[in-house]
Amino acid sequence: MSYHFLLDIALILLSTKLLGILIKRFQMPQVVGALLAGLILGPAGLKVLQETDFLKSLAELGVVVIMFTAGMETDIHELRKTGKVGFLVALIGVIAPLLMGFGLTYFFYRGEANAFMKSFFVGVVLTATSVSITVETLQEIGKLQTKVGTTILAAALIDDILGLIALTIITSLAGADVNIFIVLGKIILFFLFVVVVGFGVSYVMTWYSKKVQHVNLHRFPIAAFVVCLIMAYVAEEFFGVADIIGAFSAGMVIGSTPKAKYISSKFGPLSYLLLTPIFFASIGTIIVLPEMTSTLILFSILLIFVAVTSKLVGCGLGAKLNGFTMKESIQVGFGMVCRGEVTLIVANRGIDPKLNLLNENLFGPIVIMIVFAALFTPIILKLIFKSEDDSLIVNNDLVNSYEKLGKLDYVEEKLLDKQITIK
């Protein structure tokens, strides 16, 4: 058995923290430092870190916890209000990059074999939004629970569903053994499953906290984590829905229970100290930049431009049509620009020889676009939200925040113990 993974984790934690401190001095979100650490140490940089099955699994657990925490902090009533808005934002935000990505790729590669399908697939790749990076940034600057924040979150989740449908259509047309009606049926069944589990878990945890005397509070975070992992697994394996959507749904379920704040405070240190740095750094370990010709460089630049403007215009227009101000619409648009692990997963699907939808000439520019969008989005979000209210000072030191949460948690635990004793 090799213990090299211990050194990998140590390097990731040290580099993400040091770069996070450096990035913070430039008034940028610390998540940018974690992304840069992965790029610098990964195959595209110093080649110190390589993707391994262990790091890949740990990173997947990291994004699951990020989305679970975001779900717990999401106001369900506010999410319902923004649901219709989020759908329109997501719908236009999928159509715009799909068409613009198709047009750009077809213009460059129209002479190649299967050019129409390849161009359409690149458009599908551009539809995906990396909700995890956006969520982490909005949490860090304290804007996740605002109207714009919940709209971005709702739209990003719906975007994943629409992107899944688009991917199913293109793979079906390319000859993969996929039935779109079965996929749609599974998606509907998944949300019915979430509703049933939500009522069941909420009832059991509420009953347990009220009726059982001398409750050990640590049972609640453990039970909540079990629910999160099971729902993430079931979403991916049985319904074909991304595990992060299952984790987010579990977070909303747990967020409606009496011990939601206590449970949330316990997940903060776990996420910040280990899982979140590994997840963001791992993005850099799977990025390998190809040799670039002048045509590929030009195509990459234009692809980045299309990736940013298509989401900005599409999602911003969706928000504007729903009564958002111009500034809010721009914030929503930029909030949906980020691409990441979902985009890579979709792109890797196209490399499958059975589909023949993507080759190295197209994959390289997509990787460059992902890197740019992943670094660009946290920075631009910080800037556009900062300009919203210069008098509002947001504490971005997550360590202090978690320390405060720990103290509040300690007081709450003692008060609860006292109440139980009085009973």
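Lys 147 is partly exposed, with a relative accessible area of 37%. Here buried means under 20% relative accessible area, exposed over 50%, and partly exposed in between, with a 1.4 Å probe and protein chains only. The model is predicted, so local features need pLDDT of at least 70 and side-chain atom pairs count only at pLDDT 80 or more, while totals for chains, interfaces and linings use all residues. Residues are numbered from 1 along each chain as its sequence is written, and side-chain values use heavy atoms, with hydrogens and water left out.

Lys 147 has a partner: its side chain meets that of Glu 328 in a salt bridge, at 3.4 Å from N to O. Glu 328 lies in helix H13 (residues 326-335) and Lys 147 in helix H7, so the pair ties together parts that are 181 residues apart in sequence. A salt bridge is taken as a side-chain nitrogen of Lys or Arg within 4 Å of a carboxyl oxygen of Asp or Glu, and helices are DSSP runs (H or I, at least four residues; strands are E, at least two), numbered from the N terminus. Glu 328 counts as buried, at 19% relative accessibility.

By the salt-bridge rule the count comes to three. Side chains of opposite charge can pair when their charged atoms come close.

Ile 169 is partly exposed, with a relative accessible area of 34%. Its C-alpha atom is separated by 9.8 Å from that of Val 124, which is 45 residues away along the chain.

The overall figures come next. The protein has 16 helices and zero strands. Of its 423 residues, 53% are buried. Among contacts (heavy atoms within 4.5 Å) with a separation of 6 or more, 81% are between residues 24 or more positions apart. The protein exposes about 19700 Å², and carbon and sulfur atoms supply 68% of that area; accessible areas come from the Shrake-Rupley method with a 1.4 Å probe, and for residues only the protein chains shown count as cover.

The expected span of a helix is 1.5 Å times one less than its number of residues. H2 has 12 residues and reaches 17 Å from its first C-alpha to its last, close to the expected 16 Å. The buried residues of H2 include Val 31, Val 32, Leu 35, Leu 39 and Leu 41. The 20 residues of H3 (residues 53-72) should span 28 Å, and the end C-alpha atoms are 29 Å apart, which agrees. In H3, 14 of the 20 residues are buried, so this helix is also largely enclosed by the rest of the structure.

The loop between H2 (30-41) and H3 contains Lys 47. Lys 47 has a positive phi of about 60 degrees, although it is not a glycine. At 55% relative accessibility, Lys 47 counts as exposed.

On the surface, Phe 87, Leu 91, Ile 95 and Leu 99 form a nonpolar patch with about 360 Å² of accessible area together. Patches are made of residues with over 30% relative accessible area and no salt bridge; like charges are joined within 9 Å and nonpolar side chains (Val, Leu, Ile, Met, Phe, Trp, Tyr) within 5 Å. Leu 91 belongs to helix H4 (residues 76-109). An α-helix has 3.6 residues a turn, so residues three or four places apart point the same way. Leu 91 is partly exposed, at 30%.

The cysteines remain. With a disulfide defined as a pair of cysteine sulfur atoms within 2.5 Å, the count comes to zero. Cys 228 counts as buried, at 0% relative accessibility, and Cys 315 is buried with a relative accessible area of 0%.
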